[in-house]
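Trainee: Could we take a close look at one part of this model, and then follow the parts around it? I'd like one connected picture, with the cut-offs spelled out.

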Amino acid sequence: MTVALAEAVTTLPRAPGLAYEPKFDGHRLVVVRTVEDVVLQARSGRIVTAAFPDLAAAARQLPAGTVLDGEVVVWHEGRTDFALVQRRAAATAARAAVLARSLPASYAAFDVLELAGLDLRARPYERRRALLVDLLLPLGPPLQPVPMTTDPELAATWYETLPASGIEGLVVKRLDQPYPAGRRGWRKLRHTNVRDAAVVGYTGSPRRPVALVLVLPVGDETPLVSSPLTPALRAEVAAAVARAPGASGPSGASGATGATVTAIGLGEVPFRPLDPPLTAEVRHASARHPPPEVLRLRTDL
């Protein structure tokens, strides 16, 4: 299932016929309820059902032939915690069952793409939204529709007040819009400075990378070293490095360290180049302090 994407904007769009939703800081997840069972698909297309047994169990209440688009989040101390979602997503099947009890996941659904076997993607968002609410409200958590408003003033209030709950911004959609699968047909307004960056290398070993060497899409293209990777990201980067072309060659991803980069507070740091580069979503300030924080690898490009 190819999901819809959003184009970043810097100001809140205001026009008749727009809908506004909070943008949750989690993992994109498509829920597919087949006749036989439930399949959970990440944005990249990877099947992650085993990592979220609690959501799979809840989704079995859905009628067969249902497909939902949304975000999986983990709430901790009154706010969503992206690091905990990463931890859930990277868990083995055995560990996932334990984490489902200690770190239960919630599913913030923002679209229904199929219902009772009927493809709804060509229908306007306003109609799909009504069907989504009718479907999920009787079920209750952990499956729930995201809030939505057509009032730009309320949306502006959400934008200013909801970050304390871990909400990272707003997604804006047209009420008359079909589901824009595979296209940036929605718009997103974020609080944080989150961008895609080129991953031109990594520090550490191929099996245990420590940080990424990044070229940001702004500035003078000087490579920067990211903050240390989380355990889940280390595993993801190691897997991507192993799949990289030329990974076993002397100058490829797993070759000897052949370059250095200046890291904040560390001086010259050796790193292993990646050719071709990977892409990562990073959060960074306008200055180089603190180092960029890697949020996730972009595997959907």
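Predicted model: local features only at pLDDT ≥ 70, side-chain atom pairs only at ≥ 80, totals over all residues.

Mentor: Happy to; let's begin with contact, which means heavy atoms within 4.5 Å. Helices (H or I, at least four residues) and strands (E, at least two) are DSSP runs, numbered from the N terminus. Residues are numbered from 1 along each chain as its sequence is written, and side-chain values use heavy atoms, with hydrogens and water left out.

The part I'd pick is helix α3, residues 93-102, where A96, L99 and A100 are buried. Here buried means under 20% relative accessible area, exposed over 50%, and partly exposed in between (1.4 Å probe, protein chains only). Looking down the axis of α3, the buried residues fall within an arc of 110°, so they line one face of the helix. That arc is taken from the directions from the helix axis to the C-beta atoms. As background, an α-helix has 3.6 residues a turn, so residues three or four places apart point the same way. A94 and R101 are exposed on the other side of α3.

What do the buried residues of α3 pack against? Their partners are α1 (53-59) and α2. Of the 8 residues of α2, 6 are buried, so this helix is largely enclosed by the rest of the structure. Those buried residues are F82, L84, V85, Q86, R88 and A89.

On a 1 Å grid over the protein atoms alone, a pocket is an open set of points where a 1.4 Å probe fits, with protein on both sides within 12 Å along at least five of seven lines, and lining residues have an atom within 4 Å of a point. The second largest pocket has a volume of about 370 Å³, a volume being the space filled by probe spheres set on the points, which are joined across faces, edges and corners. Its lining holds 24 residues, with D25, F82, A83, R283 and E293 nearest the centre. At least two lining residues each come from β6 (79-80), α2 (82-89), β10 (167-174) and β17 (293-297). By type, the lining divides into 9 nonpolar, 8 polar and 7 charged residues; Ala, Val, Leu, Ile, Met, Phe, Trp, Tyr, Cys and Pro count as nonpolar, Asp, Glu, Lys and Arg as charged, and the others, Gly among them, as polar.

K23 lies in strand β2, residues 18-24, and is buried with a relative accessible area of 14%. Not counting residues up to four places away in sequence, K23 touches I167, E168, G169, L170, V171, K188 and R190. The C-alpha atoms of K23 and V172 are separated by 9.5 Å, although these residues are 149 residues apart along the chain. R190 belongs to strand β11, residues 184-190, and is buried at 16%. Leaving aside its neighbours within four places in sequence, R190 is in contact with K23, Y159, E168, G169 and E281.

Another buried spot is L132 in helix α4, with a relative accessibility of 0%. With neighbours within four places in sequence set aside, L132 is in contact with L68, A109, F110, D111, V112 and P145. L132 and L68 are 64 residues apart in sequence and 8.5 Å apart in space, C-alpha to C-alpha.

For your backbone checks, a cis peptide bond joins P141 and P142, with omega about 10°; P142 sits in the loop between α4 (125-136) and β9 (143-145). A cis peptide bond also joins D275 and P276, with omega about 5°, and P276 is in strand β16, residues 267-283. E77 has a positive phi near 55° in the loop between β5 (66-76) and β6, and is exposed at 74%. A116 also has a positive phi, near 55°; its place is the loop between β7 (105-115) and β8 (118-119), where A116 is exposed at 61%.

Stepping back, the chain has 6 helices and 17 strands, and 48% of its 301 residues are buried. Among contacts with a separation of 6 or more, 65% come from residues 24 or more positions apart.
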